[in-house]
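Open the model in a viewer and keep the selection tool at hand.

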Protein chains: 2
Amino acid sequence: MSSVEPLELIHPVILSGGSGTRLWPASRESYPKQFIPLAAPDRSSFQATALRLTDAGTFARPAVISAADARFLVAEQLAQVGVAADILLEPCRRDSAPAVAVAALHAAARDPRALVLILAADHVVGEPEAFVAAARAARAGARAGAIMTLGLAPTTPATAYGYIEPGPPLPGEAGAGGARAVARFVEKPDAARAAALIGEGALWNGGYFLFRADVMLEELRAHAPAVLAAAEAALRGATRDLDFVRLDPSAFAASPQISIDYAVMERTGRAGVLPVSFSWSDIGTWGALWEVSAQDEAGNAVRGRVALRETRNSLVHGTDEVLTAVVGLDDVVVVATPDAVLVTTRRAGGGGVKALVEDLRARGEPEADAHRLMYRPWGSYQRIDLGARFQVKRITVKPGGRLSLQKHHHRAEHWVVVRGTAEVTVDGVVRLVHENEAAYLPIGCIHRLVNPGKIPLELIEVQVGSYTGEDDIIRIEDVYGRENG
Amino acid sequence: MSSVEPLELIHPVILSGGSGTRLWPASRESYPKQFIPLAAPDRSSFQATALRLTDAGTFARPAVISAADARFLVAEQLAQVGVAADILLEPCRRDSAPAVAVAALHAAARDPRALVLILAADHVVGEPEAFVAAARAARAGARAGAIMTLGLAPTTPATAYGYIEPGPPLPGEAGAGGARAVARFVEKPDAARAAALIGEGALWNGGYFLFRADVMLEELRAHAPAVLAAAEAALRGATRDLDFVRLDPSAFAASPQISIDYAVMERTGRAGVLPVSFSWSDIGTWGALWEVSAQDEAGNAVRGRVALRETRNSLVHGTDEVLTAVVGLDDVVVVATPDAVLVTTRRAGGGGVKALVEDLRARGEPEADAHRLMYRPWGSYQRIDLGARFQVKRITVKPGGRLSLQKHHHRAEHWVVVRGTAEVTVDGVVRLVHENEAAYLPIGCIHRLVNPGKIPLELIEVQVGSYTGEDDIIRIEDVYGRENG
């Protein structure tokens with residue numbers, strides 16, 4: 001192998017399965033943090049991650065492993081940034097080890113020695129070129145059979161990250177870019193231990209893994225055979241659904257729930273680490289987001305309609321609709337969404353917020369997991385008013401979007417088109433409804449809403465009836481293959 | 001005068017002109033704090049004040065002096081608690097001296113020696129009977145020619161209140177109830193001075209004034225003749241409008257803007273004080289409201305849908321629609337309303353919040369003064385959605401309520417009745433619209449909405465057009481005599 005031989009491409013696999021409850025109420029199960037433009041105003045961390053993988057000289061077509069519920073979100077966010085990817089759907093959460101196993105098997109099917117890069121969808125990287133250079137530099141170690149990690153130069157004695165103690169340089173070409181063996185992985189330390197670790201030269205574990213597919217499969221077979229067997233069966237039983245690959249639900253569910261760190265990395269003798277120094281965060285908490293956000297002279301990071309007085313070093317994320325004001329407080333986090341407000345301290349870890357979300361779930365509060373703005377393959381809707389016998393929604397349908405053919409047992413609906421043109425089917429009769437026109441859908445009628453136009457369709461839906469819950473939608477036919485949701 | 005002679009009635013006058021911006025965003029110019037159920041969940045401080053005056057053996061029919069803009073609010077809140085009152089409307093704000101002058105003149109017109117009790121609409125009194133007993137006890141001093149105040153026994157060295165240093169007992173019968181002359185009024189002190197004042201026996205100035213009308217008029221003539229002249233002219237030029245007495249606008253505006261404390265109390269030699277000890281607050285700040293609110297074991301006072309973790313001694317007022325959560329903070333105030341959220345510290349004075357509202361006004365933010373829920377004589381409305389070319393409102397019309405006959409230049413409207421029955425007039429054609437029926441109002445049509453029924457009418461209004469502002473309402477006829485608003 002000589003240095004003039006073109007280097008083989010890396011097969012990136014984005015793990016996008018997290019729910020990010022530490023960033024509630026912006027991040028929720030129904031729309032987790034990796035899909036929200038948190039660190040940048042116009043782009044989610046998932047999108048930024050996908051865009052970091054577009055260097056055609058370095059990366060092959062990426063794959064995404066996502067929760068099945070988030071499939072339309074993944075597809076739409078990729079389309080928005082013009083990135084094509086394979087999308088594999090996890091039927092349930094089993095932590096990262098089964099996902100890494102699926103990723104290795106997926107790549108090995110084409111080339112057993114394919115280089116696979118595992119990366120998380122929710123990390124923020126300050127210098128994308130430095131990230132690409134690091135991935136390229138780690139290839140030599142991976143090609144030589146190491147499972148390479150990226151070890152980030154710590155900037156603070158963070159207690160939110162795991163650390164890696166580097167060992168001796170990898171031998172021969174594998175160590176060319178400065179790659180070292182891993183002496184030890186250290187779990188999230190306390191502050192004193194973190195400072196000591198940094199003094200000893202430890203690095204932050206960035207959660208990146210670059211390996212040859214065959215190497216990872218060998219290590220899984222040795223250290224986590226049940227995980228590997230479940231992943232193999234889940235791929236064998238996989239089905240295609242539109243553009244998605246659905247892993248076999250019962251096979252995948254049979255995997256132990258375990259992270260790749262515990263399943264393989266802490267047990268293998270083949271772990272390597274490339275020391276790197278680009279700016280990086282996993283935005284695991286609101287405080288971490290504040291750190292990577294643009295701040296004004298008073299140290300405040302704000303979003304939306306916000307008014308501050310005598311307030312410093314705070315993160316205040318409001319909306320365009322509601323005015324959010326803070327007076328006379330430092331180091332606070334205020335996040336106002338249309339249906340939930342969180343006030344907490346910037347200095348706390350995310351444990352309190354996570355525990356709060358668990359409290360809310362236990363109390364049956366819908367805001368624990370569901371957003372008011374709900375994304376659907378055809379567009380989105382949000383409730384804007386709710387009364388004893390009525391509900392009002394604003395519905396947005398993308399050009400070409402088609403809602404399911406459906407009926408309701410307990411409500412009639414009035415649709416007023418406020419933008420664009422709707423094609424409305426009621427009991428087999430199709431008509432166009434234009435801006436400032438209305439349609440009436442009596443209880444029990446079979447109806448469908450389509451946007452036949454070139455611009456988004458917006459309409460106000462007034463539901464009137466004894467029950468207006470989402471589960472009174474009887475689907476007769478759906479182009480998106482949905483039975484529910 | 002013997003003790004068996006029935007004591008004459010006190011003529012109470014409630015001053016209800018404040019705007020309460022220190023309690024923003026709950027309290028705003030368009031719906032100030034005295035009308036909001038803040039200290040009690042079901043009753044505003046204005047209503048509680050009116051109900052404290054219903055002892056027919058002590059009080060005559062009360063009068064209310066209110067800002068003209070709040071007239072329907074005053075009338076409706078009085079009707080809700082079944083209290084009948086004269087309502088005098090101030091065309092503009094001139095502080096308390098002109099209002100007291102009007103109150104004295106209003107009472108003197110029937111009886112020059114009438115006993116007048118001035119009281120604020122925004123105070124909270126723990127023991128209403130003790131208040132009534134105090135008013136009765138202060139009568140002797142007032143009848144003898146003193147301008148009596150109530151001096152509350154201080155419970156803390158508060159810096160938010162003025163203090164009264166009592167002098168020698170009033171002579172003869174005037175001093176029977178323990179009434180003293182006033183040695184000195186002291187403006188809001190700092191904490192050290194407050195403690196010293198309390199050590200010297202000083203009392204909180206509760207802002208109550210009980211006097212003979214002729215005495216107050218003599219003192220105004222001596223110390224504030226311009227105020228008295230303006231009040232006389234404003235009453236001379238007053239007009240009746242429905243059940244309201246509108247003071248003459250230009251005459252009233254000619255008064256100096258000055259408080260009765262500065263104009264008379266600090267100058268007169270006739271001030272008296274009755275020491276009293278009922279629990280009392282002027283709920284001048286969110287922190288003061290926390291103090292008088294029911295608190296849980298952690299010291300939290302909450303309202304609405306609220307979730308707390310590791311939070312103590314805080315006031316959290318949310319709504320039923322939005323979930324408001326606080327994690328890991330003590331001594332904070334969080335007030336979430338449908339269109340504005342405030343986060344501040346409980347220990348601060350209200351100066352920061354007041355200054356914030358001034359900032360917001362300067363920035364032209366509508367939330368500075370207007371509430372999303374707007375009260376009208378016929379009912380109320382609130383915006384529930386707003387887009388580039390549309391707006392959605394929920395409109396509630398009281399039984400018998402009639403909106404003005406009106407038209408719009410820039411918008412069409414769709415009305416969907418979700419509760420009750422509407423009588424809709426469109427270009428002279430009247431029809432009834434029932435629940436789950438809709439009406440369409442094309443641009444430019446002359447229309448009116450009436451609730452002819454026995455239950456409230458609720459409808460969803462979808463406005464579509466190039467401009468949906470409130471000022472595109474051209475009133476052709478209005479039963480409430482409104483030209484605007």
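A contact here means heavy atoms within 4.5 Å. Select chain A: of its contacts with a separation of 6 or more, 68% are between residues 24 or more positions apart. The model is predicted, so local features need pLDDT of at least 70 and side-chain atom pairs pLDDT 80 or more, while totals for chains, interfaces and linings use all residues. Residues are numbered from 1 along each chain as its sequence is written, chains are lettered from A and ligands numbered from 1 in the order written, and side-chain values use heavy atoms, without hydrogens or water.

Switch to cartoon. Chain A has 11 helices and 30 strands, which are DSSP runs numbered from the N terminus (helices H or I, at least four residues; strands E, at least two). Show the C-alpha trace next; along its principal axes it spans about 75 × 60 × 40 Å.

Colour by burial, where buried means under 20% relative accessible area (1.4 Å probe, protein chains only). Of the 485 residues in chain A, 57% are buried.

Now select residues 128-143, helix 4 of chain A. Its 16 residues reach 23 Å from first C-alpha to last, close to the 22 Å expected at 1.5 Å a residue, the expected span being 1.5 Å times one less than the number of residues.

Which residues of helix 4 are buried? Among them are F131(A), V132(A), A135(A), R139(A) and R143(A).

End at G145(A), which follows helix 4 and has a positive phi, near 110 degrees.

Technical notes
Buried means under 20% relative accessible area, exposed over 50%, partly exposed in between (1.4 Å probe, protein chains only).
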